[in-house]
Amino acid sequence: MLLFRICCNLASSTARTLYFPVRVNGIDRRCFNKKRSSSTMAAISPLLDVQPTRGLVDEKIQVVVNNLPPLFPVTLHSLHHSEDKDYWEAFGHYTSSNLGMVTVTKDASLGGTYEGTEPMGLLWSMQPVPGSRTGLRLRKMDVLTPYDERWYLAPGVQRIDVREDGVKGTLFLPPGPGPFPGVLDLWGGGGGLVEYRSGLLASHGFVSMALEYLSSDKDRTSRLEYKYFENAFRIVQQHPLVMKERIALFGLSLGTSVSLTMAAYSEVISPRCCVCISGSHVHPLNISLHDVFTKFIENAHKTRFDEEGRMVWKDIILPIPSDPEEKVDMGRIKCPLMLVVGEDDQNWATVESAEDMAQMMHAAGNKHLLTTLRYPGAGHLIEPPYTPLSRASNYIFQQTRDKVIMLWGGHTKPHADAQEDAWGKILFFLRQHLYPSHNSGPHSKL
Amino acid sequence: MTEKALSPLLSIHPSRGLIDEKFCVVVRYLPPFEDITLRSLIHSEDGDYWEAYGHYVSDDSGLVNVESNVSLGGTYDGLEPMGLLWSMKPVPGSRTGLRLRKKEIQTPVVVHISVYRGHMSQGFNEQVALASVVTERWYMAPGIRRVDITEGGVSGTLFLPPGLGPFPALLDLWGGGGGLVEYRSALLASHGFASLALEYMTPRTSGSSTSYVGNAYFEAAFTILKEHPQVCGDRIAILGLSFGTSVALGMAVYSTVIQPRCLVCVSGSHVQPVKGSLTDVFAEINKNVRNTRYDEENRVIWRDLLLPIPTDPTKKVDVGRLQCPILLIVGKDDQNWPASESAEDMKQMMEQAGNSHLLTTLSYPGTGHLIEPPYTPHTRSSNFMVTGTRQKLLVLWGGDTKPHSYAQEDSWKKTLAFLEEHLYRGPQSHL
């Protein structure tokens, strides 16, 4: 079990010997109160409280420190030992109040890995400790064990391996008799089977299937034909606990390309709504998605490298083509669509794509279906909130096994704000369109 | 297109909490002004089922929120966000005389919360719920360490908060039920106190006589805490319930080894032979066994065994000699011990001796003997095995559910504040 630990360290080392016991191999027993002869000292020991003690990853925590000396400088430090055995940390500098308290939800951090009044700063501003391996990205692969006592799964959520009709995925079921709305959850070009977002969605009352369609396994071919996604959609739809008419497509990056393509052209897939993060509608229509993907890879001459040698893919699809054969016909979208883009996305031209999609929908007369969330300073990887930003990370090309450092973009604070804001709005959007409301008519309002 | 299935969204926040943490249950996407029942269900370690339920009506947007909507009936009523926990009772058809206590505290209490159509009071198993969620209630916060204590003949369990410490500490003493009861210590450690749950009520029989541990046992336990590398040796309190109060008071006043920083005494009394051992205390109580009464359901009322409060100073702990702050918590409907009368007498003794400024008394109407951590069900009577015998009785503890549950919530909050003040803060409160 990994622990999310907040240590109260003193900013001043002299104060440490006066007020707090010296720790020598953990067995030094000198207690501050034994020096009671120094009458000027208010002998106290800090009391640290974190609530809730076991939260979901997207739940806020409240951190309060009591019993400090008044107007005393302290550092709050969080430390996480990841599944990949790396250490991540965040810290904030605070000054206690007149009553010797620090309340993270109200007080401002004066510096550290975050500053200002940031209730969740000890989580989202985490970065690899100095000396770590480079190009790290903090992701949880095994969702059944707690992430630092920050859980992706609420109690009662069930995880089920799906291996049928050639489809490979993981289904997460909320507790209860159902029926529930469903979500088909598609990640991006990094491939593999990424489960944590689906686990979290199930914790919020949606049956969610995380789908693997780009395999990192050499023996499995990537599945990018319509039929594969249609089979996956059908599996969700036919599950006894799922409301057949209430399934959403949820995509990030390449998953967005897939979602938009399916929503526009598939006769089998009829999503009730779509959430498309950091993606684009731009890809040639006359070739298979598989060839599309290959074509993207081959566009190496458009790849830039930044001053630190990190790969920047932003320009690959620019300029946005005007040829209708080169992009999904957005006029064919018949369901509410939420686009989420970061203005500092260095990996894909998502902002330009979002603008073009809006124009296409305006021309086609279905713009009322579109909601766009646009975040300045946010990068490509807009993930569930309070998880740290990776501005760049190691990326392995499936086909060649080449490893590069990919620049995703984003700056810590605005990216963290974007993740928090977007997640709340995404959940609201999904609930609004997928849960039957007795006040609205059969046509969903935006 | 109309939806045939009524499918509301039930959510609980937080989904995992400590036993004493509040939660919020919300139901969305109901029809407006719809009657629903919220029901909680626990399958206890002993295999029994406990439930609570409240009757609600959704508002005009189809929402029910326990923090803002009132329950119109059920096992609790009114604006009671935590009613689904504290008003729990064994389901109809259960065995009698049950008490809900968790023995294995490294796993959570798992509570199923469901919403049903209509206002139901029975037949929940025959009905399919509209929605159902699961919540975990933990006695141990993450990072708490549990340590078996067996040294020097002392039997107990030590719970340490996470981190290097050192921490202030508690000696945690339960009552006549005996055994090793860990959950309160686990919870106290979750609030920053190293806490030693002590087993002491195990009798030793030799021949025809039964004896209990002597005072040296408690002194040894206290010393283990004092000398522990992660404990602040002069910031140790004693928390006692029922018989545990007798031990705490006796030790605090008469032992030269045990010097607590403060005392919390729940549902207990100072009436006992002065400087007597536990064996002496039992013998004295047994002299009055004829004072045992029975209520209309033949449940044992033992409160008169210590009444009237004696005036003879050799028959009660001289609380005038207490040198540390003491918090007394008593229920006015305690049918098991004369806790209220004892508290009154202690106050008088301390006023006469001039140390009553050390005394704080919390006295709760409608509250019985078993004043436990909050949001756990109230037990008005339960099966009790008399220590040292195999005799099983149905004992009346007292209290009515709602005021007793309020007392548990209020006294726990005040207990933690009292302990924080005297164990974490400065020496100015120490005599």
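In the predicted model, the C-alpha centres of domain 1 and domain 2 of chain B are separated by 33 Å. The domain assignment places domain 1 at residues 3–138 and domain 2 at residues 145–424 of chain B. Their contact draws on 25 residues of domain 1 and 28 residues of domain 2 of chain B. About 2,100 Å² is buried between the two domains of chain B, and carbon and sulfur atoms account for 60% of that area. Three residues stand out on the domain 1 side. B:Asp20, B:Trp86 and B:Arg99 provide 32% of the area that domain 1 of chain B buries against domain 2, more than any other three residues. Between domain 1 and domain 2 of chain B, 4 salt bridges are counted. A further pair in chain B joins the side chains of B:Lys22 and B:Glu409 in a salt bridge, with an N to O distance of 3.4 Å.

Over all chains, the structure holds 39 salt bridges. B:Arg39 pairs with B:Glu51, and their closest N and O atoms are 2.7 Å apart. B:Arg39 counts as buried, at 6% relative accessibility. B:Glu51 also counts as buried, at 6% relative accessibility.

A second pair links B:Glu341 to B:Arg303, with the closest N and O atoms 2.9 Å apart. B:Glu341 sits in helix H6 (residues 339–353) of chain B, while B:Arg303 sits in the loop between strand S19 (300–301) and strand S20 (326–331), so the pair ties together parts that are 38 residues apart in sequence. B:Glu341 is partly exposed at 28% relative accessibility, whereas B:Arg303 is buried at 12%.

The salt bridge of B:Lys414 with B:Asp410 has its closest N and O atoms 2.8 Å apart. Both residues lie in helix H7 (residues 401–424) of chain B, 4 residues apart, or about one turn of the helix. B:Lys414 is partly exposed, with a relative accessible area of 39%. B:Asp410 is buried, with a relative accessible area of 11%. In chain A, a network of salt bridges links A:Arg159, A:Asp161, A:Arg163 and A:Glu195.

The active-site annotations come next. For chain B, an unreviewed UniProt entry places the feature "active site" at B:Ser242, B:Asp334 and B:His369. These residues are spread over 128 residues of sequence but cluster in space, with a largest C-alpha distance of 10.7 Å. B:Ser242 occupies the loop between strand S16 (231–241) and helix H4 (243–254) of chain B. B:Ser242 is buried, at 5% relative accessibility. Beyond its neighbours within four places in sequence, B:Ser242 contacts B:Gly175, B:Val266, B:Ser267, B:Gly268, B:Asn336, B:Trp337 and B:His369.

B:His369 is located in the loop between strand S21 (359–364) and strand S22 (381–385) of chain B. At 1% relative accessibility, B:His369 is buried.

In chain A, the "active site" annotation of an unreviewed UniProt entry covers A:Ser253, A:Asp345 and A:His380. They span 128 residues in sequence, yet no two of their C-alpha atoms are more than 10.8 Å apart, so they gather at one spot. A:Asp345 lies in the loop between strand S18 (337–342) and helix H7 (350–364) of chain A. A:Asp345 is buried, with a relative accessible area of 2%. Apart from neighbours within four places in sequence, A:Asp345 is in contact with A:Ser278, A:Lys314, A:Thr350, A:Ala378, A:Gly379, A:His380 and A:Trp408.

For B:Cys262, the nearest cysteine sulfur is that of B:Cys324, 6.6 Å away, and B:Cys262 is in no disulfide. B:Cys265 is likewise in no disulfide; its nearest cysteine sulfur, that of B:Cys324, is 8.6 Å away. B:Cys262 is buried, at a relative accessible area of 0%. B:Cys265 is buried as well, at 1%.

Notes: Residues numbered from 1 in each chain as written. Chains lettered and ligands numbered in written order. Predicted model: local features only at pLDDT ≥ 70, side-chain atom pairs only at ≥ 80, totals over all residues. Heavy atoms only, no water. UniProt positions renumbered as here; feature names shortened; annotations may be inferred. Helix = DSSP H or I, 4+ residues; strand = E, 2+ residues; numbered from the N terminus. Buried < 20%, exposed > 50% of the residue type's maximum accessible area, 1.4 Å probe, protein only. Contact = heavy atoms within 4.5 Å. Disulfide = S-S within 2.5 Å. Domains from an automatic or database assignment. Buried area = accessible area lost by both parts, 1.4 Å probe.
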